[in-house]
Protein chains: 2
Amino acid sequence: MKNFNINKIIRPHLLSLKTYDAVNPPDLLSKKSGIPENDLIKLNGNENPYGASPKAIAALKNLPMHLYPDPDQIKIRNAISKYTGLPIDNIVAGAGADEIIDLIFRIFISPGDSILDCSPTFGMYSFCAKIAGADVKFAERDSKYDLDINEIEKNINKKTKLIFITSPNNPTGNLVSYEHIKYLLKKEILVVVDEAYFEFSKSSVQNLVLDHPNLIVLRTMSKWAGLAGLRIGYGLMHSSATKYLMEIKPPYNINVAAEAALLASFEDVSLLQKNVDMIIENRDWMNIELNKINNLTAYPSFGNYILCEFTKNYSKTVYGELEENGIFVRKFNTERLKNSFRISIGTEVQNKKVLQIIQKAMNHE
Amino acid sequence: MKNFNINKIIRPHLLSLKTYDAVNPPDLLSKKSGIPENDLIKLNGNENPYGASPKAIAALKNLPMHLYPDPDQIKIRNAISKYTGLPIDNIVAGAGADEIIDLIFRIFISPGDSILDCSPTFGMYSFCAKIAGADVKFAERDSKYDLDINEIEKNINKKTKLIFITSPNNPTGNLVSYEHIKYLLKKEILVVVDEAYFEFSKSSVQNLVLDHPNLIVLRTMSKWAGLAGLRIGYGLMHSSATKYLMEIKPPYNINVAAEAALLASFEDVSLLQKNVDMIIENRDWMNIELNKINNLTAYPSFGNYILCEFTKNYSKTVYGELEENGIFVRKFNTERLKNSFRISIGTEVQNKKVLQIIQKAMNHE
């Protein structure tokens, strides 16, 4: 039908959906900024500046890429089982933790259901919620960006199906308290704890998974193992939930390259852990140095990034200065974070350059 | 909540969903059959027996796997644009054509909507339909497995949102006629033409895409380019549809390995085309040889596979014989196809072995 108007058959709640605000790859940043790709410092995606394990890089040689991947993710789930200590019946791998988030929506959320987002937090929950036609209630975090249980209680009603808790929270860096999770787990809702930055925080609630059918813990290989580009994450959950995720997931959701890199990374944990330790050390050093600057608050962080909040209009000036120097950090367009940006922790050399530019920009003012 | 019953919050239509019947990877087939992996002949997944392009294999060296992939798929869509001749505004890439099928459901289908499946056909449409809560109407194909327009007409009503047409059809191998597509496009429904095997059939309706907002053509790199394991396909469609697919897709849906392999494959089209030509030649030879066997009908095929139909109980015997020899083909559990199986075209040596075993098994009877 030549004059068919596709808007007539779109599901109404999707007519005004906005794309998730994803980070651009280096070649596009280079094109947009006019700065050569090799001179860019990309600190906007919480990527690992030390890259992937050399074993993971080597594992992509001679892959049987013409054959379909394993729909049951047996090798992958066995490797994750060994790493986490949980049985494979409690593990599902996804194309990034993002895919597990999306599967959770598809399985549990009907249009009109309600979910709780503890803002400010990772944008993927509300993006997936909109696709699912869910109502997102925002339980704003307190002044230190900790969970505000009163706000959460106020926003829970009969239609509330699940709550997302990121720990460490992205972009604020703080951990959720174990007591808060225990408290939320007593409610008849699904509690999703996103531990994407677990390896940097060493803090987890995974020990509650076997006993709590309403808990799902999310993890990823993107950050600690430097595999963001290969899209591989996983969920730890009660076996009654695993069943549904395995049934409903796209059959070949983990491609053979991601599988090979994951397996090789788990063979190289000690090297990857050394990189994680360097990032932690650099993060803590950066935090101290940033907090020495007037009109700037660097929040304490358990992730591989730091949220910086500026007074007045300083954030725009500093962001501009960084960009002019080929340094890309993550800014936000919400009211609460409009004077803040998030800096991913880079290499020592990169961090020093970032710090120097911020110091200079702030003293100029 | 320790005694939380997750079935209470599952979306009701998903309680009885069955997993998509995916093909197992060689290591699992080997484990199950007790036949060493190197002795297996895997002809159950329409994979490319000549493998991927050497350029694609080389392209996975030194990938920046620690960085997120490009959410806008610019390089990928440009390469597909060059290959298909369509502008990038008419192209969306997916983690396999499967992901595009799934996105179509998510954008257009609300629970209770109806879709048309021209059975027997590819199982992914009805699998995704069930996840979406859609009602699947089956417009059974005629005795030659061609579309039955009367059956289609009978099953279209006000709730019908879309129809899937696979061409060549999987598993039957036949093409849809151009007139049938033109006829269906006059209706106020979305027509999805799955051309996963286009490179083997050389037949396409992509020239109708720019003028028909209700047409989406699907393609994949899995078969002709031997990239099944990397999950990369694409949809060709009117720009009014592209907009929604790009907005709603997972931001980083094509991983960096898939991107690199796709770009390299498009740099090696002439070699891949030679492999395609060998498969076509072998397919046509196999078809002739199989049809010489009594009690066996090998359907004419425009794909890289052949549907074999047996009289009486021969299919079970032959399937068993093949399996004992480490040869895996695709069987079906529907009433109509219970006496049939689909053989993917392998290398010349593999095909000869398959033929020999079938001949022997049928003469024994």
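Analyst: A term to begin with: axes are lines fitted to C-alpha atoms, for helices over the stretch in contact, and angles run from 0 to 180 degrees between N-to-C directions. This is a predicted model, where local features need pLDDT of at least 70 and side-chain atom pairs pLDDT 80 or more, while totals for chains, interfaces and linings use all residues. Residues are numbered from 1 along each chain, chains are lettered from A as written, and side-chain values use heavy atoms, without hydrogens or water.

User: At what angle do helix H4 and helix H9 of chain B pack?
Analyst: The angle is about 100°, and the axes are 10 Å apart. H4 covers residues 97-108 and H9 covers residues 239-248; helices here are DSSP runs of H or I with at least four residues, and strands are E runs of at least two, numbered from the N terminus. H4(B) and H9(B) are therefore roughly perpendicular, the word for angles of 65 to 115 degrees.

User: Which residues meet there?
Analyst: B:Ile100, B:Leu103, B:Arg106 and B:Ile107 in H4(B) meet B:Tyr244, B:Leu245 and B:Ile248 in H9(B). Contact means heavy atoms within 4.5 Å.

User: New topic. How many residues of chain B are in contact with chain A?
Analyst: 88 residues of chain B are in contact with 88 residues of chain A. The area buried between the two chains is about 7,600 Å², and carbon and sulfur atoms give 62% of that. Buried area is the accessible area (1.4 Å probe) that two parts lose on being put together, summed over both.

User: Is helix H10 of chain A enclosed or open?
Analyst: H10(A), residues 256-266, is largely enclosed by the rest of the structure, because ten of its eleven residues are buried. Buried means under 20% relative accessible area, exposed over 50%, and partly exposed in between (1.4 Å probe, protein chains only). The buried residues of H10(A) pack against H2, H3 and H11 of chain A, together with H10 of chain B.

User: And A:Ile115, buried or exposed?
Analyst: A:Ile115 is buried, at 0% relative accessibility. This residue is in strand S3 (residues 114-117) of chain A. Its C-alpha atom is 5.1 Å from that of A:Leu162, 47 residues apart along the chain.

User: How many disulfides are there?
Analyst: Zero, over all chains. A disulfide is a pair of cysteine sulfur atoms within 2.5 Å.

Methods: Angles under 35 degrees count as roughly parallel, over 145 as roughly antiparallel, 65 to 115 as roughly perpendicular and the rest as oblique.
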